[in-house]
Amino acid sequence: MRTLTGAEQPEEARREVVAARRIVVKVGSSSLTTAGGGLDADRVDALVDALAKTLAARGAGEKEIVLVSSGAIAAGLAPLGLPKRPRDLARQQAAASVGQGLLVARYTASFARYGRRVGQVLLTTDDTSRRAHYRNARRTLDQLLAMGAVPVVNENDTVATDEIRFGDNDRLAALVAHLVRADLLVLLSDVDGLYDGDPSIPGTSRIAEVTGEKDLEGISIGSAGKAGVGTGGMVTKVEAARIAAAAGIPVVLTSASQAADALRGRPTGTYFHRTGRRSADRLLWLAHASTPQGALTLDEGAVRAVVEGTGSLLPAGIAAVEGEFSAGDPVELRDPAGRAVARGLVTYDAGEIPQLLGRSTRDLARELGPGYEREVVHRDDLVVLRA
């Protein structure tokens, strides 16, 4: 881990940022709205100025930007006469319904100053947890980019439930970055990076770069005052950075006011280096976007084979089954203590599995037919979860 005492930041990081061709930028509600609710036109225009100038920069090669934008609920507060964000779901959805139109209209007008078109893409967890929807979303985003439009992505808060409480679109941005095969993810907040303590306390420093999990050890990022944002704000951003970095996508975390500098590769924010390689789409989807429809409890031998080995999950290693699911659904794989150790796509319906428990595929094929001589979860459709 490196902390900054001056303006220096690693040259390598700056080169990767400058070289990025397809960039996902995420901006939070607090960077777009006024304290009393409602969009701040000047803030929106300032962000669009930075994005549009990046797209038009000479000598930088052809660039594409996908904007993941929060702000629909916040934008709808003032027009509906709501003094603050309501707690009940119905009024949150009503605010989102009004605010989403205002948000995309503001972006449309602001990008039009640069001759840029905007395309609205609203997603729910269903669109990331169902594989067919996931592929459709990618095709739509790819086509918008190919036609020169700037996709503006947001969660569909008008009909959403869980994602309204999800945490400011940060994980969505990481998933979208992988979805569109981005070269860079930029997370814009109301704080200029990740700090090793409360930024308001003398002696704390901004962390210049994160190369892996060891660099985050001992850093408090979960509560208000520790990371310069409200409770959970920095937690979701760091988690999003982890997801993207593990998928081979570098990340810059900085403030919205420094968006232009961040996109130019100037020394701002915290740079998260890649920690993994680009994986198959279905594996990142399984690990971070799928919703398990059930669970399989494994014996100790099967846990070792799944976590430490390279084999598939066979019926002989399964001790119990829970839930209602169909072949092809994601399921959680648990150890005997009930801890989730992996996730995978099951090849059987839930009702078929009880008769398979603890039995060899050879015996099953002999008794039930050759179609039963197969894995319950194939290794290619399985991801080990981070401890």
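These entries record what I looked up in a predicted model of one protein chain.

**Ground rules.** I number residues from 1 along each chain as its sequence is written. Because the model is predicted, local features need pLDDT of at least 70 and side-chain atom pairs pLDDT 80 or more, while totals for chains, interfaces and linings use all residues, and side-chain values use heavy atoms, without hydrogens and water.

**Whole chain.** I looked up the secondary structure and found 12 helices and 14 strands. These are DSSP runs, numbered from the N terminus: helices are H or I with at least four residues, strands E with at least two. Of the 387 residues, 49% are buried (under 20% relative accessible area, 1.4 Å probe, protein chains only). The chain exposes about 17100 Å², and carbon and sulfur atoms supply 49% of that area (Shrake-Rupley method, 1.4 Å probe). I then took the contacts between residues at least 6 apart in sequence; 72% of them join residues at least 24 apart. Contact here means heavy atoms within 4.5 Å.

**Helix α7.** I went to residues 170-179 next. Nine of the 10 residues are buried, so α7 is largely enclosed by the rest of the structure. The buried ones are D170, L172, A173, A174, L175, V176, A177, H178 and L179. Just after α7, R181 takes a positive phi of about 60°.

**α7 against α8.** The axes of α7 and α8 (residues 233-246) come within 8 Å and cross at roughly 15°. That makes the two helices roughly parallel (angles under 35 degrees). Axes are lines fitted to C-alpha atoms over the stretch in contact, with angles from 0 to 180 degrees between N-to-C directions. The crossing is right-handed (near helix turned clockwise from the far one by less than a right angle). From α7, D170, R171 and A174 meet G233, T236, K237, A240, I243 and A244 of α8. By class I get four nonpolar, two polar and three charged residues. Nonpolar covers Ala, Val, Leu, Ile, Met, Phe, Trp, Tyr, Cys and Pro; charged covers Asp, Glu, Lys and Arg; the others, Gly among them, are polar.

**α2 against α4.** I checked a second pair, α2 (residues 41-56) and α4 (residues 89-112). Their axes come within 9 Å and cross at roughly 50°. The pair is therefore oblique, and the crossing is right-handed. A41, V44, D45, L47, V48 and L51 of α2 touch R106, Y107, S110 and F111 of α4. Seven of these residues are nonpolar, one is polar and two are charged.

**S189.** Last, I looked at S189 in strand β6 (residues 184-189). S189 is buried, at 5% relative accessible area. Its C-alpha lies 5.7 Å from that of A256, 67 residues apart along the chain.

Definitions and conventions: Parallel < 35°, antiparallel > 145°, perpendicular 65-115°, else oblique. Buried < 20%, exposed > 50% of the residue type's maximum accessible area, 1.4 Å probe, protein only.
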